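This report describes how the chains of the structure shown below meet.

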There are 2 protein chains.
Amino acid sequence: MNIYPFTGVGIGPGDPELITLKGLKALQQADVVYYPATRVEGTNVVSFSKRIIDHYDLLCPCKPLHFPMKPASRHDDYRQAWETVKADIVRGLRVAVVSEGDLLFYSTFGYLLRLAKAEGFDCDLIPGIPAFIHTASIGQLPLVDEDRSITVMARPGSFDKVQQALDANEVVVVMKMSILRDDWAAFVKQCNRPFFYIEKAGTPDQFFTSDVTELAAREIPYFSLIVFQ
Amino acid sequence: MNIYPFTGVGIGPGDPELITLKGLKALQQADVVYYPATRVEGTNVVSFSKRIIDHYDLLCPCKPLHFPMKPASRHDDYRQAWETVKADIVRGLRVAVVSEGDLLFYSTFGYLLRLAKAEGFDCDLIPGIPAFIHTASIGQLPLVDEDRSITVMARPGSFDKVQQALDANEVVVVMKMSILRDDWAAFVKQCNRPFFYIEKAGTPDQFFTSDVTELAAREIPYFSLIVFQ
């Protein structure tokens, strides 16, 4: 089906030096590299991945795969993205597809992988460092150890769901917390557990705090994450 | 307190090429590298980390920090390990301490960090890829996405605890499952959920299966992990 297995590369949480040796080598050996990009209405194309791979001075072409923010048309967009990638694979090119963070942990790459596997394409997957793991290093925060358990959730539907996770686990991480437009500071206060909040981790706009008063003053962006311990 | 911040480096799950660029650079710039090692009774010293860093042909000395398997004396051993590391830091050496996987995710490094911070020492932390993230790439298994939640637990005390996590989450990862000496195959069978079992991931003895009959035939080792979806 494919001469070369196509390669998925998790490029890590943002710092270009947090890619693995294996991941960078795969990008350097590729004939073409695809990266996810979002066309935001009324603005230009936004790609967090592109900003990372620009640092590697790759000699091959780097091309966007467009994913919109709207869930409605997602299925069609993933199909379209896969067809684009597939066309290069069947031409015999060594194709790499990148994803920020890890490939298979809250990443759109999982959808491409499902489509590729359904059609019997071979692939090599190279993992990357997820954002919540990087956050622990930034905060110098031992995350979880011994026989403790950790729950990671994204886009929580309600504070009840977060509270249930807090009741059942020693550590809880909530990603993309801005989806819940309610008062996070009030919720955090009544939890009465140590927390670490970070937004735009690894960028020049990075901000973090463990102080609920500081949290109350923030307008929480999409790229935000909170760790409860 | 220290001239150079000491550096913690997560060296990843086993494949020497799954270290980050930043992590390898830190090891190459260090004056001394410490790695965790276990003295198993009646045998030699065992160090998974040492086998990884041997691949980097580092020019500086690499020295073990001994941690026993027995929890009883742990506190003293961590203290002893920290005193050893500290002696080199205060001599003005650039000291790196490695940990397999990530530094702060089920790692002994967290204990050293607590001791270092309690004495006001500066450090730089470089994250690494945790084993469960690598497992997803090995199994080509989209782990978690959208608004789903994932719980990771280690050394589970009972199947009830695993079942509770299964009831509350779309994805559950159990590490060091051999601690529960009961019949995993029987438990997995009654769960009736897709699963992926892996042992000794990334080593020549790596074995994985999603077949409960194959699982039933295994003698589950310490370095084992199961993902339920």
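## Polar contacts and extent of the interface

A polar contact is a pair of N or O atoms within 3.5 Å; within protein, one atom must be able to donate a hydrogen and the other to accept it, and residues adjacent in sequence count only if both atoms are side-chain atoms. In this predicted model, 28 residue pairs are in polar contact between chain A and chain B, both residues being at pLDDT 80 or more.

On the side of chain A that touches chain B, the elements giving two or more residues are helix 1 (21-29), helix 4 (109-118), strand 6 (123-126), helix 5 (131-139) and strand 7 (149-154) of chain A. By residue class, that side of chain A comprises 28 nonpolar, 11 polar and 15 charged residues.

The contact involves 54 residues from chain A and 54 residues from chain B. Between them, the two chains bury about 4600 Å², and carbon and sulfur atoms account for 56% of this area.

## Salt bridges

Side chains of opposite charge can pair when their charged atoms come close. Over all chains, a search of the whole structure finds 26 salt bridges, and six are found across the interface of chain A and chain B.

One salt bridge joins Lys25(B) and Glu17(A), whose closest N and O atoms are 2.5 Å apart. This pair crosses between chains: Lys25(B) lies in helix 1 (residues 21-29) of chain B, while Glu17(A) belongs to the loop between strand 1 (6-10) and helix 1 of chain A. Another salt bridge is formed by the side chains of Arg114(A) and Asp145(B), with an N to O distance of 3.5 Å.

## Strand pairing between the chains

Strand 7 of chain A also pairs with strand 7 (residues 149-154) of chain B; the two strands run antiparallel and are joined by five bridges. Within this pairing, Ser149(A) has Met153(B), in strand 7 of chain B, as its bridge partner.

## Symmetry

Two copies of a chain are related by a rotation about an axis and a shift along it. Here, chain A is superposed on chain B by a rotation of 180° with 0.0 Å of shift along its axis, at an RMSD of 0.0 Å. That is the relation of a two-fold axis. Both copies use the same surface, as 100% of the contact residues of chain A recur in chain B.

Methods
Residues numbered from 1 in each chain as written. Chains lettered and ligands numbered in written order. Predicted model: local features only at pLDDT ≥ 70, side-chain atom pairs only at ≥ 80, totals over all residues. Heavy atoms only, no water. Contact = heavy atoms within 4.5 Å. Buried area = accessible area lost by both parts, 1.4 Å probe. Salt bridge = Lys/Arg side-chain N within 4 Å of Asp/Glu carboxyl O. Helix = DSSP H or I, 4+ residues; strand = E, 2+ residues; numbered from the N terminus. Nonpolar A, V, L, I, M, F, W, Y, C, P; charged D, E, K, R; others polar. Pairing = 2+ DSSP bridges. Least-squares fit on C-alpha atoms with pLDDT ≥ 70 in both.
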